[in-house]
Amino acid sequence: MRGVVMHAPGDIRVEQREDPRILAPTDAVIRLSASCVCGSDLWPYRGIEAVEGPAPMGHEYVGVVEEVGSEVRTVEPNRFVVGSFFASDNTCEICRAGYQSSCVRRELMGTLGAQAERLRVPLADGTLVATPDMPSEDLIPSLLAASDVLGTGWFGAVAAQAGPGRTVAVVGDGAVGLLAVLAAGQLGAERIIAMSRHEPRQRLARAFGATDIVTERGDEGVARIKEMTGGLGAHSVVEAVGTQESMLQAIGSTRPGGHVGYVGVSHGVVLDGQELFFSHVHLHGGPAPVRQYLPRLIDLIWNRRIAPGRVFDLDLPLDRAAEAYRAMDERRAVKALLRV
């Protein structure tokens, strides 16, 4: 089968890879309908994370089940499914508490490479969620978004305790940040402030429910948020980047007693303990337990109440994956979808 492989920073190739097969009785093999490039894929692409030899890429996926292991009970061949970027059994004590991305048996799907024609999914019963029927073509991008960026943005908004009567600020205007705006609206937030300098992303944030746009960053961004909130700061702030600047901006923009939901993959983030101590800010985040939210998100998408697939502003065939990476790296695209 064809699959995307990163050989070194900036070196993306589509190559022939071995077809996946059932290795454990809890596995499923799916024929992918679409995958995509994630903002977190850009860390190794840019050389910020090490690339250890030729590495299969991709952890976001939707497709049709082709084969299941002998112990798989909840999904079956010919069903269209959405999965999370972590495989989980969905039965352990941690999963039952809603943190499937820390499942005691978890497996990171990115090591298996979802930017490909087929994919082996471990722990299929706990990882995959079937749609009610075969989706129409126009729903596939939104269902694909649920596999990571929508679920991650949703977790960020939940962790920040977005809800009625609250002002929510979102630091980061990538796909996760934009979908955190959508999530905050769905959770009933009264005011949603998107922090963005890019006009196309600002327009999309508005379409997803942002009531205000702030273009300032860093200390200036913090000052602007406080100015807009009577000097107090936002009740809820979603940090969707993962850098030192974005985390400090998020914490600084939050009022005492407020909540920060951090879902950007952290790189070089160091917090001053005394500043954090006196901020009275709650911090909660990490790898999003997307599996917790998938049934609800699929229902919202299936009934066309939300359209998160609008974050895909570049649609390319799998063979042009290198172009998709370049476009996202150069910020010419918010998120690139790969058709299989």
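Trainee: Starting with R13: is R13 buried, exposed or partly exposed?
Mentor: R13 counts as partly exposed, because its relative accessibility is 38%. Keep in mind that this is a predicted model.

Trainee: Which residue does R13 pair with in a salt bridge?
Mentor: With D11. The closest N and O atoms of D11 and R13 are 2.8 Å apart.

Trainee: And how accessible is D11?
Mentor: D11 has 23% relative accessibility, so D11 is partly exposed too.

Trainee: Why would such side chains pair at all?
Mentor: Opposite charges can pair when the charged atoms come close.

Trainee: How many salt bridges are there?
Mentor: The count comes to 18. One of them joins R2 and D319, with 2.7 Å between the closest N and O atoms.

Trainee: Where do R2 and D319 sit?
Mentor: R2 is in strand β1, residues 2-8. D319 is in the loop between β17 (314-317) and α12 (321-329).

Trainee: What else is linked with R2 and D319?
Mentor: E117. R2, E117 and D319 are linked in a network of salt bridges.

Trainee: What about R2 itself, buried or partly exposed?
Mentor: R2 is partly exposed, because its relative accessible area is 23%.

Trainee: Next pair. What does R191 meet?
Mentor: The side chain of D212, in a salt bridge of 2.9 Å from N to O. R191 lies in strand β12 (residues 191-195) and D212 in strand β13 (residues 212-214), 21 residues apart.

Trainee: Is D212 buried or exposed?
Mentor: D212 is buried, because its relative accessible area is 16% and the cut-off for buried is under 20%. R191 has 25%, so R191 is partly exposed.

Trainee: Switching to helices. How do α6 and α7 pack?
Mentor: Helix α6 covers residues 175-186 and helix α7 covers residues 199-208. They pack at an angle of about 20°, with axes 8 Å apart. That makes α6 roughly parallel to α7, because angles under 35 degrees count that way.

Trainee: Which hand is the crossing?
Mentor: Right-handed, as α6 passes α7.

Trainee: Last topic, the surface. Which residues form a nonpolar patch?
Mentor: I94, Y99 and V104. Together they have about 260 Å² of accessible area.

Trainee: Where is Y99?
Mentor: In the loop between α2 (93-96) and β8 (107-108). Y99 has 32% relative accessibility, so Y99 counts as partly exposed.

How values were computed: Residues are numbered from 1 along each chain as its sequence is written. This is a predicted model: local features need pLDDT of at least 70, side-chain atom pairs count only at pLDDT 80 or more; totals for chains, interfaces and linings use all residues. Side-chain values use heavy atoms; hydrogens and water are left out. Patches are made of residues with over 30% relative accessible area and no salt bridge: like charges are joined within 9 Å, nonpolar side chains (Val, Leu, Ile, Met, Phe, Trp, Tyr) within 5 Å. Accessible areas come from the Shrake-Rupley method with a 1.4 Å probe; for residues, only the protein chains shown count as cover. A salt bridge is a side-chain nitrogen of Lys or Arg within 4 Å of a carboxyl oxygen of Asp or Glu. Helices (H or I, at least four residues) and strands (E, at least two) are DSSP runs, numbered from the N terminus. Buried means under 20% relative accessible area, exposed over 50%, partly exposed in between (1.4 Å probe, protein chains only). Axes are lines fitted to C-alpha atoms, for helices over the stretch in contact, and angles run from 0 to 180 degrees between N-to-C directions. Angles under 35 degrees count as roughly parallel, over 145 as roughly antiparallel, 65 to 115 as roughly perpendicular and the rest as oblique. A crossing is left-handed if the near helix is turned anticlockwise from the far one by less than a right angle, and right-handed if clockwise.
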